[in-house]
Amino acid sequence: MLDAQPEPRHRARVISAGGSHAGAWLGAFPVSRWLTARGRHYQLALCMRLGATLIDLVRDEGEEVLCGGCKERAHDAYGCHPSVCRAGNRGNLWSRRSGALERAIVGALWAKGQYARLTGGVNWFGAAGYSASAKRGKGAYVRADVIAPHYNSPTSHLFLDAAVTDPGSATALRAHSDRLDGTRAAETRATRKEKKYAPITDAIGSKFIAAVVERFGACCEDLTGFLKLISGDGDRDPLCDDYTFSSRSNTTYIAQMVVFATVIADACMLSDVIDCDVHNTPLNLDDKGATAPREGGSGDHRGRAHAPAYERARGSM
Ligand SMILES: [Zn+2]
C-alpha cells in the first residue's frame with residue numbers, strides 16, 4: 001500500500017490515516033450537531049483520507065487553478081496545498097480549523113462532567129506567561145487555548161494548546177513523516193508546544209498538554225493519553241443509544257468527538273478554498289450567504305496571520 005503511493009506526501013497521508021484514533025471519525029453516530037457534517041464536507045473528508053482527486057481541482061494538462069492565497073502556486077488535484085500554503089490563513093481559514101478542535105476538546109471534557117473553557121483573552125499564566133521573544137521580539141503574554149480550571153487541585157489547572165498539522169508539509173517531511181520509522185508530524189508540533197508552554201505551567205504549578213491532531217485525524221501521544229485519562233477504561237453502557245459498534249470503548253467514544261471535529265473542519269476549509277479559488281465566492285460569507293463583517297473590509301481575501309479564532313469578550317484583558 002505504501003509503495004503504491006506516488007509521492008512522499010501521499011505516503012505520509014497513508015501513515016497518518018493509520019495513526020492514533022485517525023479513523024475514529026468514521027464511526028461517529030450523528031446524535032448531536034457536533035457529530036453531524038454537511039454531505040459536502042463529509043465527502044471531501046473521505047476524499048482526503050483516501051487520497052482521491054478532487055473533481056473541482058482537476059484540470060487538463062497545461063491548465064491549473066491558481067491559489068488565491070499566495071497567488072504563486074497552483075492547486076494540486078488532491079487538496080494538499082491549502083494546508084501548507086504560505087498565505088493559508090487567509091480569511092482565518094486555519095484559525096477556524098484549529099478553533100473547531102479547541103471547542104471539541106472543551107466539549108469532550110464537558111461530556112465527562114469536567115468543566116473547561118476557551119481561555120479567550122484572559123491571562124491565566126500571570127507574570128509567568130510573559131515571553132520577551134513573542135510577537136517578533138516585541139514581547140507579549142502567551143496563552144494556551146483551553147483551560148480546565150482546578151483540574152488537579154484548587155490552584156492547579158490543566159492547560160491545552162490545540163493545533164492541526166499536516167504530515168505532508170515540508171517541515172513534517174524533513175522529519176520523515178513519510179516513513180514508518182520517521183517522526184510523526186503531530187509529535188514534531190507537540191514537542192514545540194511542550195517547549196513553549198511546559199516551563200510556564202510548571203512555574204505556576206499547573207499541567208500542560210499539547211493537543212495536536214494531524215489533518216487526517218491522527219492524535220499526538222500527549223492528546224491520546226489525555227483522551228484516555230478523561231474517558232477512563234471500559235465500554236459504553238450497553239443501554240446508551242448514542243454510539244456504534246465500532247466505538248464501543250469509552251476512549252474511542254470521546255476521541256471520536258475530537259477527531260470528527262478536526263477532520264470535518266479541515267474538509268470545511270478545503271470546501272471554502274474551492275468555493276473561493278474555483279467558483280470566485282468570497283471567503284467571508286456567513287452561513288446565510290451574507291457578507292460577514294470582518295477587519296480589512298469585504299473582498300479582502302487575505303486574512304491576517306494568527307488572527308484570533310473567536311471574538312474576545314469586551315473589557316477582558
Ligand atoms: Zn497558496
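**Helix 2 and its surroundings**

Guide: Helix 2 packs against helix 9 at an angle of about 100 degrees, and their axes lie 8 Å apart (axes are lines fitted to C-alpha atoms, for helices over the stretch in contact, and angles run from 0 to 180 degrees between N-to-C directions). That makes the two helices roughly perpendicular, a term for angles of 65 to 115 degrees, whereas under 35 is roughly parallel, over 145 roughly antiparallel and the rest oblique. On the side of helix 2, the contact is made by Arg40, His41, Leu44, Ala45 and Met48; helix 9 contributes Val263, Ile264, Asp266, Ala267, Cys268, Leu270 and Ser271. Two residues are in contact if their C-beta atoms, placed from the backbone, lie within 7 Å.

This is a predicted model, in which local features need pLDDT of at least 70 and side-chain atom pairs count only at pLDDT 80 or more, while totals for chains, interfaces and linings use all residues. Residues are numbered from 1 along each chain as its sequence is written.

Helix 2 covers residues 39-50, twelve in number. From its first C-alpha to its last it reaches 17 Å, close to the expected 16 Å (1.5 Å times one less than the number of residues). Leu44, Ala45, Met48 and Arg49 of helix 2 are buried (20 or more other C-beta atoms within 10 Å of a residue's own; exposed means 12 or fewer, partly exposed in between, with C-beta atoms placed from the backbone). Seen down the axis of helix 2, the buried residues fall within an arc of 140 degrees, so they line one face; the arc is that of the directions from the helix axis to the C-beta atoms. Gly39 and Leu50, on the other side of helix 2, are exposed. Helix 1 (8-17) and helix 9 (250-277) are among the elements that cover the buried residues of helix 2. Just after helix 2 comes Gly51, with a positive phi of about 75 degrees.

The rest of the chain may now be considered. It has nine helices and six strands (DSSP runs numbered from the N terminus: helices are H or I, at least four residues; strands are E, at least two). An open sheet of four strands has the order 1-4-5-6 and mixed pairing, where two strands pair if DSSP finds at least two bridges between them. Strand 1 (117-118) and strand 6 stand at the edges with a single partner strand each, so one side of each has no neighbour in the sheet. Helix 7 (residues 185-203) packs on the sheet and touches strand 5 and strand 6; its direction makes about 160 degrees with that of strand 6.

Within the sheet, strand 4 (residues 146-153) and strand 5 pair in the antiparallel sense over four bridges, and they form a hairpin with two residues between them. Val146 has Leu160 as its bridge partner in strand 5, and Ala148 stands opposite Leu158. Strand 5 and strand 6 (residues 207-214) pair in the parallel sense over eight bridges, with Asp161 opposite Ala210. Strand 5 (residues 156-165) is mostly covered, nine of its ten residues being buried.

Helix 4 (residues 93-111) is mostly covered as well, with 14 of its 19 residues buried. In the chain as a whole, 43% of the 317 residues count as buried.
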